[in-house]
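Take a look at this chain.

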Amino acid sequence: MLDKAVTDLSLTPNVLKADVLRHLTFIIGKDASHASLYDWRMALSYAIRDRIVEPWFASTRRTWAEGHKRVYYLSMEFLIGRLLEDATINLGLYDVADQAMADLGQDLRAIIADEPDAALGNGGLGRLAACFMESMATLGCPAYGYGIRYEHGLFRQRFESGRQIEAPEDWLSQPHPWEFARPEAAYTIGFKGHMETQEGRDIWVPSETVIAEAHDTPVIGWQGKWANTLRLWNAKSTTKFDLDRFNRGDYAAAAEPEALARTLSRVLYPDDTTYQGKELRLKQEYFLTSAALQDILRRYLASYSDLKALPKHVAIQMNDTHPALAGPELVRLLTDIHGLGFDEALLIARACLGYTNHTLLPEALERWATFTFGNVLPRHMQIVERIDGWHRNAYPNRPHYVGIVKHQEVRMGELAFIMSHKVNGVSALHSDLVKKTLFPELHKLHPGRIINQTNGVTPRRWLKMANRPLARLITDTIGAGWEADLDRLRDLEPHVGEAGFRAAFDAAKRENKVRLAAWVKAETGVTISPDALFDVQIKRIHEYKRQLLNILQAVAHWHAVRSDPGGNWVPRVRIFGGKAAPGYAVAKEIIRLINDVATVVNNDPATGDRLKIIYPANYNVSMAEAVIPASDLSEQISTAGKEASGTGNMKFMMNGAPTIGTLDGANVEILQEVGAENFFLFGLTTDQVTKRREDPDHAKAAIEASQPLQDVLQMIAEGRFSPEEPDRYHDLVHRVWHHDYFLVASDFAAYHDAQARVGEAYADRDRWLKMAALNTARSGFFSSDRTIGSYMKDIWSVTSAL
């Protein structure tokens, strides 16, 4: 049946055109002569969605019929981006859609650009989840993704006088054509309340409840051979409307229950600097996990009756600590609802659960005050304490300072570890640090539980779709089929030595740069030359990612060009992108500094086109798809030992941008794959970072040893980039001098030298093109297909249904 569904996907432009017009008339309610761009996009989206539904249904039927084990991927973020182009690429319908819309007098590119990005994530964590969902579908791994259907996402970023201003995202102000509402898939989620003892059993009586209602988006794999489901939960009130209050004139109070329920699915990562914010975040995490687990057990019990066999049919992956409540919630459901004993329920839950750790940063390893946790989830507080006690008794040699509940806190990292049968890091270095520095005692108690699964990205979106010129060149050079077998990119290597191939590679890159330059002009008003070196750092703004190091070196470079205007300088465009968390004051100050420096540099006639600094607002997936293919240099400059993996680094490599970076995260493996001669390495290693921090004067010593850095800090402190407020960045400069935890000063000189090596290499076009092409040719290891295949084998014990 599935093979027939795949075969039926082939269609002509005329057939698709007729389908678009049918949807335009009967779903959108417009005729062609009055249709807007939005109308055409919706009609085309529905027509393409029709081609997804049959393989989606066929995949589901086959999973049920053949009893395949399912994977359930729980994540607070799914940064799926635009779906129309992605669907046409994976179905092989892009050219058909292009012709059909042209016949209707419409531009497919304009239609694609009209689609809003789904505001369901923030950065690498959410984009990784989206790549994993696509790879699971491509490999035929039966799976559901579970997340929250955020109404306003993280936020929409804009700049005012260089400052980041946050506004709500409005992606759901229009209908989302890719989803199917599932009002029948709804579950009651409780909060707060009290415990009662009934017939010798502890019974939780919640005082607040909401309804989790499902919305399903099909995720189609390469060539339409398999499709899985992304199920997002929307929060609804159990009490829709208080008519009595309304009739008494208390209109706001009448709608209060509905408004409070919607709060749970309004915003991703609400500011948790207040108690109310902390409570909301904890509620969101429980809302996701409880809805998902109730849904998982309902689906399982529709086919099987023995809950003891649950791990044979169900694998649940927790994407970071946000869904760590899955452990105690599954125990609660198995004991309180289905009557299993506690020890038995715990072992069943642990056999189902896996935990992916994504960070070594203490603030990202969530810890909840026991008061907050017990107030919001009183039954789960009991279960967590019992899990902790069970583990302590099972491992009597456990050190007294190790555990889940310590110092009036519930440690979610430890909870996730203890309740999982496998724990994985996301790069070789990170997994080693998880063992040695994050969970060393638990690793000794559970040797073999921590394994490595280096991240990957889907080549269908990040190469085939985002970089059409390079994808065409690859296919022309090595033939079709590489999209699902990325190791085949190695077949490009013999051609890198050919002048004709390098010229074609250069032409593909320039085509992308011309397109990006036009977009930058339209977005920012700044003119940039496609002949300049595009030096790019696009990622979440955080001190450990060291956008500050980048902009300080950019100022040093600007100062050097001004001091030697006749020098043989390689023209550069420094491109930044990324958002800072609303409550992260230092990161927001760095954003303002970048924008202030850009204002001065971009209007300096002394440097002209030799240096431009670009920072477009509201970085998202679609912006990344425009920027990455046009990039010449990939900035991966985090403090060693802080970046778990990174996935942007892999996308840049795949698109032919050499890396300038530290030995951090997956940079280590990128260096191994591409070779040191094709990578601009600098900076302290993880061990050296630890050693350097032992010197309280490390920043002062580094600054005094670097005249360029002294000059840069002096210019910023004097107000060279903020003349209307000269002391604007005194605190930031003071931080570099005296509180430089992320070692910006200590790595500045090495970074400055590495940037000089970049300039020398780029000036030698032949050498640069070989480096760039070899980055693409050696990027096959970083396909998310390889990562998911490894999860299937080493963690989930799942085989492909294809």
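The questions below go residue by residue, then to a helix.

This is a predicted model: local features need pLDDT of at least 70, side-chain atom pairs count only at pLDDT 80 or more, and totals for chains, interfaces and linings use all residues. Residues are numbered from 1 along each chain as its sequence is written, and side-chain values use heavy atoms, with hydrogens and water left out.

Q: Is Met-76 buried or exposed, and what is its relative accessible area?
A: Met-76 sits in the loop between strand 1 (70–74) and helix 4 (84–91); helices (H or I, at least four residues) and strands (E, at least two) are DSSP runs, numbered from the N terminus. Buried means under 20% relative accessible area, exposed over 50%, partly exposed in between (1.4 Å probe, protein chains only). Met-76 is buried, at 2%.

Q: How far apart are the C-alpha atoms of Met-76 and Asp-320?
A: Along the chain, Met-76 and Asp-320 are 244 residues apart. Their C-alpha atoms are separated by 8.8 Å.

Q: Which residues does His-557 contact, leaving aside neighbours within four places in sequence?
A: His-557 belongs to helix 24 (residues 547–563). His-557 is buried, because its relative accessibility is 10%. Contact means heavy atoms within 4.5 Å. The partners are Trp-569, Arg-572 and Leu-611.

Q: What is the distance between the end C-alpha atoms of helix 16?
A: Helix 16 (residues 378–394) has 17 residues. The expected span is 1.5 Å times one less than the number of residues, so helix 16 should span 24 Å. The distance between its end C-alpha atoms agrees, at 25 Å.
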